[in-house]
Amino acid sequence: MRTIAVINQKGGVGKTTTTVNLAAALALAGKRVCVIDMDPQAHASTHLGAEPDGTLPSLYDVLVSNKPLAAVRRMVGDNLSLIPSDINLAAAEVELAGIVGREVILREALAADERPGSSAPFDYVLMDCGPSLGVLTLNALAAADEVFIPLQPHFLALHGLSKLLETTALVARRINPKLTVTGVVVCLYDAATKLAQEVVTDLTAFLAQSRGASVPWANAKVFGTKIRRNIKLAECPSFGKSVFGYAPKSSGAADYAALANEVLGVSAPVVVGPLKISVPVEVPPAVDVPPVIEAPVVELPARQTTVEVEPAVA
Ligand SMILES: Nc1ncnc2c1ncn2[C@@H]1O[C@H](COP(=O)(O)OP(=O)(O)O)[C@@H](O)[C@H]1O
Ligand SMILES: [Mg+2]
């Protein structure tokens, strides 16, 4: 079982988009995947079609009331399950304040989830963290073996990365010696801009400085697959679907399929990989129905889209 925390203390960099669509791609590839929504805003839950209404059990019940994960988990697709979040989770920070060992509650719940003698219940656990380094993100880092850092390539992209990496070092030293930073996923990528390429070059050089050092990011890489800016990725959350369910032929689906292949170790890293994961496409019956005319996919230039991305905080 690979347990991956998807973190970046900045909002709007592609954490939720990456968690959900990478999870969906891995599930389509036949892996058993569980998404844990660690963010009180519950964007990953909504994205996976589990709109939180405050009445169903959530991660809050696991962290605060010691409910087992199995009592909270629900299936949201073939091979894909979800530990949902809801707004109650925002109170967990305060409610857990006086609890000894509050950072390792999720790790213990995951360990209890594995029945002794039988194989792990999942091949991949992906934890979508909120934009802070509080007790929820610490629970993810304590439970994870790996860290993936989504990052948007703008001129402040490296700002804050050192703080994030220092946090992983602290967690590795104090509570989780296994923790490793696997890599950075470049999201919202505009291949045409010089800035995006410069940021990737700087990032690669920055990570290369730490090769051989005894830090969790000593072997971290920039994933070869870059997630291009694609309007379908911004649209699909409101339909409660992954990009594979919403727009399987989009560049967003191709990019997350390529990233999944890279994560699976199937293909060599490429910017836009071949779509190796077969995505189910509905084939309309040949007769008795009016032909469906598919609108051509128009990739709008970034400045014309209505994608709202939180501005970077200087
Ligand atoms: N590659 C992309 N192309 C277009 N829009 C994207 C892309 N990645 C993310 N978005 C959009 O950008 C916004 C922020 O992404 P999100 O994954 O929610 O970031 P985070 O979880 O880090 O806050 C969302 O509206 C999302 O739909
Ligand atoms: Mg998010």
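Author: pLDDT is the predictor's confidence in each residue, from 0 to 100. This is a predicted model, where local features need pLDDT of at least 70, side-chain atom pairs count only at pLDDT 80 or more, and totals for chains, interfaces and linings use all residues. Residues are numbered from 1 along each chain as its sequence is written, and chains are lettered from A and ligands numbered from 1 in the order in which they are written.

Reader: What pLDDT does the protein average?

Author: The average is 87. At least 70 is scored by 85% of the residues.

Reader: Where is the pLDDT below 50?

Author: Residues 270-276 are one such stretch. Residues 278-310 also stay under 50. Where pLDDT is low, the predicted coordinates should not be read in detail.

Reader: Why is Gly160 called partly exposed?

Author: A residue is buried if 20 or more other C-beta atoms, placed from the backbone, lie within 10 Å of its own, exposed if 12 or fewer, and partly exposed in between. Gly160 has 16, so it is partly exposed.

Reader: What does Gly160 touch, not counting residues up to four places away in sequence?

Author: Gly160 touches Gln9 and Lys10. Contact means C-beta atoms, placed from the backbone, within 7 Å. The C-alpha atoms of Gly160 and Gln9 are separated by 7.9 Å. Along the chain, these two are 151 residues apart.

Reader: Which residues come nearest to ligand 1?

Author: Lys15, Thr16, Thr17, Leu233 and Ala234 do, of the 20 residues around ligand 1. A residue is near a molecule if its C-beta atom, placed from the backbone, lies within 6 Å of it.

Key: Contact = placed C-beta atoms within 7 Å.
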